[in-house]
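Please read it alongside the sequence and the coordinates.

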Amino acid sequence: MGRDLDLVIRAQRVVARHGEVARCIGVRDGKIVAIEPITSDLDAPEVLELGPDEVLMPGVVDSHVHVNDPGRTEWEGFSSATRAAAAGGVTTIVDMPLNSIPPTCDVPALELKRKTAESQAFVDVGFWGGAIPGNVPELRALHDAGVFGFKCFLLHSGVDEFPHLDPEQLEEAMREIQSFDGLMIVHAEDTHAIERAPDPHGETYEDFLHSRPRGAENLAVAQVIELARWTGCRVHILHVSSSDVLAMLASARRDGVKITAETCPHYLTFSAEEIPDGATQYKCCPPIREAANRELLWQGLRDGVIDLVVSDHSPSTPDLKCFDTGDFGVAWGGISSLQLGLSAVWTEARRRGFTLVDIARWMSQAPAVQAGLRGKGRIDLGYDADFCVFAPDDAFVVDVAKLHHKNAVTPYHGRPLAGVVRSTWLRGERIDIDAAPKGRLLTRGGA
């Protein structure tokens with residue numbers, strides 16, 4: 001059997017299906033075909049022996065990434081985004097339907113995005129479709145063309161070409177998506193609650209926080225839950241920031257509502273109390289909330305109410321962050337963190353008693369399951385040989401100039417983080433971000 005293998009990896013610490021174990025992994029044609037005791041005599045032309053300080057983890061699956069390409073490539077692009085992903089241990093991303101131009105709201109737009117990405121991807125890339133007013137007739141065609149589901153907003157998205165759905169339009173879209181057992185993913189903030197909130201303008205973070213109250217998120221999540229109950233549509237709540245919604249999500253699941261939820265590294269890392277006035281690199285929507293709220297989000301992960309952790313990498317050019325004025329009301333709302341998510345979450349998770357097994361479940365397995373990526377997210381027989389070699393006890397200080405994101409903007413700059421990605425492997429090959437890209441484009445059902 002050894003002669004048939006392309007790669008063998010031996011490691012004292014492998015985050016596999018049943019926990020962290022010592023194993024010998026055999027890879028053939030990009031797939032995991034053998035998982036044996038570390039003393040196994042498996043052999044291959046390439047053998048990787050991990051050091052005692054290294055852990056073999058499944059490649060991270062980031063199902064919430066705004067690449068913005070084509071149309072806003074100066075914000076980010078497939079080449080820079082997927083380089084950053086690979087440097088951060090991410091082997092698969094699923095690209096959001098905005099802020100590219102055109103947004104991915106019909107099949108021609110999807111085909112354009114695929115054509116743009118196909119020669120630039122250093123990791124595997126899938127695509128979400130968009131649900132906007134008037135495109136219900138396009139949803140089934142997008143589904144058949146291989147998108148992993150459909151994103152919608154319940155308030156202004158931040159870009160005019162991707163308008164939000166009102167409650168009647170949301171129900172109409174969900175009924176259509178349910179008819180073919182698709183998935184609706186929702187930016188859940190209520191537009192009327194935001195319109196009635198205090199003005200967001202100014203340098204004071206607390207004022208910005210009051211302009212995006214947790215009540216707006218709570219109201220929107222409650223609405224989505226009831227529509228999911230009525231329509232039977234599978235739904236997913238994006239970037240949960242308000243801990244208030246956790247009880248609602250748990251109750252809905254007990255009632256049989258098909259609903260999942262995610263949160264993001266920035267909600268698990270930062271707190272409103274520590275954000276300086278004018279520091280618009282921290283602006284995102286929904287916003288980073290108080291430390292007590294952050295700890296309840298961690299409890300939501302512990303309890304299994306929050307299923308997964310993904311980046312919501314939403315970059316922009318520095319000028320759109322309005323550093324000259326520090327005005328939270330007009331600055332672009334988005335956190336750049338695609339390269340840093342694994343280390344950021346591990347830094348905070350280990351302080352709270354979590355393990356790398358938990359990290360792999362939240363950041364690899366659960367995003368793959370949620371998106372329907374059947375061959376991704378686990379070190380198991382038959383799965384893609386996508387790996388992250390991670391040194392959990394090593395550390396570094398974030399230097400924005402060393403990140404591969406197109407624009408040198410992130411709130412993590414200067415922050416010490418635990419855990420260093422030593423190498424990233426895609427289908428049994430080490431990713432070399434200085435060589436030709438070898439990522440593939442993924443479709444629902446074919447991944």
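A residue counts as buried when its relative accessible area is under 20%, and as exposed when that area is over 50%. The structure discussed here is a predicted model, and by this criterion Asn68 is buried, because its relative accessible area is 1%.

**Backbone geometry**

Asn68 is found in the loop between E6 and H1, and although Asn68 is not a glycine, its phi is positive, at about 70°. The loop between strand E6 (60–65) and helix H1 (78–87) is also the place of Pro70, and the peptide bond that leads from Asp69 to Pro70 is cis, with omega near 5°. A cis peptide bond also joins Cys285 and Pro286, with an omega of about 0°; Pro286 lies in the loop between helix H9 (265–269) and helix H10 (291–303). A positive phi in a residue that is not a glycine is found for Asp181 too, at about 55°, and Asp181 lies in the loop between H4 and E11.

| Peptide bond | Omega |
|---|---|
| Asp69 to Pro70 | near 5° |
| Cys285 to Pro286 | about 0° |

**Aromatic contacts**

The structure holds 12 aromatic pairs. Elsewhere, ring pairs link Tyr205, Phe208 and Phe328 into a cluster.

**Surface residues**

On the surface, Asp199, Glu203, Glu206, Asp207 and Asp277 gather in a patch of negative charge. Asp199, one of the members of this patch, is found in the loop between helix H5 (191–195) and helix H6 (205–211); Asp199 is classed as exposed because its relative accessible area is 52%, where the cut-off for exposed is over 50%.

Gln12, in strand E1 (residues 7–16), is likewise exposed, because its relative accessible area is 51%. The C-alpha atoms of Gln12 and Cys24 are separated by 8.7 Å, the two residues being 12 residues apart along the chain.

Notes:
Residues numbered from 1 in each chain as written. Predicted model: local features only at pLDDT ≥ 70, side-chain atom pairs only at ≥ 80, totals over all residues. Heavy atoms only, no water. Patch = residues over 30% accessible without salt bridge, like charges linked within 9 Å, V, L, I, M, F, W, Y side chains within 5 Å. Areas by Shrake-Rupley, 256 points an atom, 1.4 Å probe, with all protein chains shown as cover. Salt bridge = Lys/Arg side-chain N within 4 Å of Asp/Glu carboxyl O. Lys, Arg positive; Asp, Glu negative; His and termini not counted. Charge placed at Lys NZ, Arg CZ, Asp CG, Glu CD. Helix = DSSP H or I, 4+ residues; strand = E, 2+ residues; numbered from the N terminus. Buried < 20%, exposed > 50% of the residue type's maximum accessible area, 1.4 Å probe, protein only. Phe/Tyr/Trp six-rings, centres within 6.5 Å; stacked < 30°, edge-to-face > 60°.
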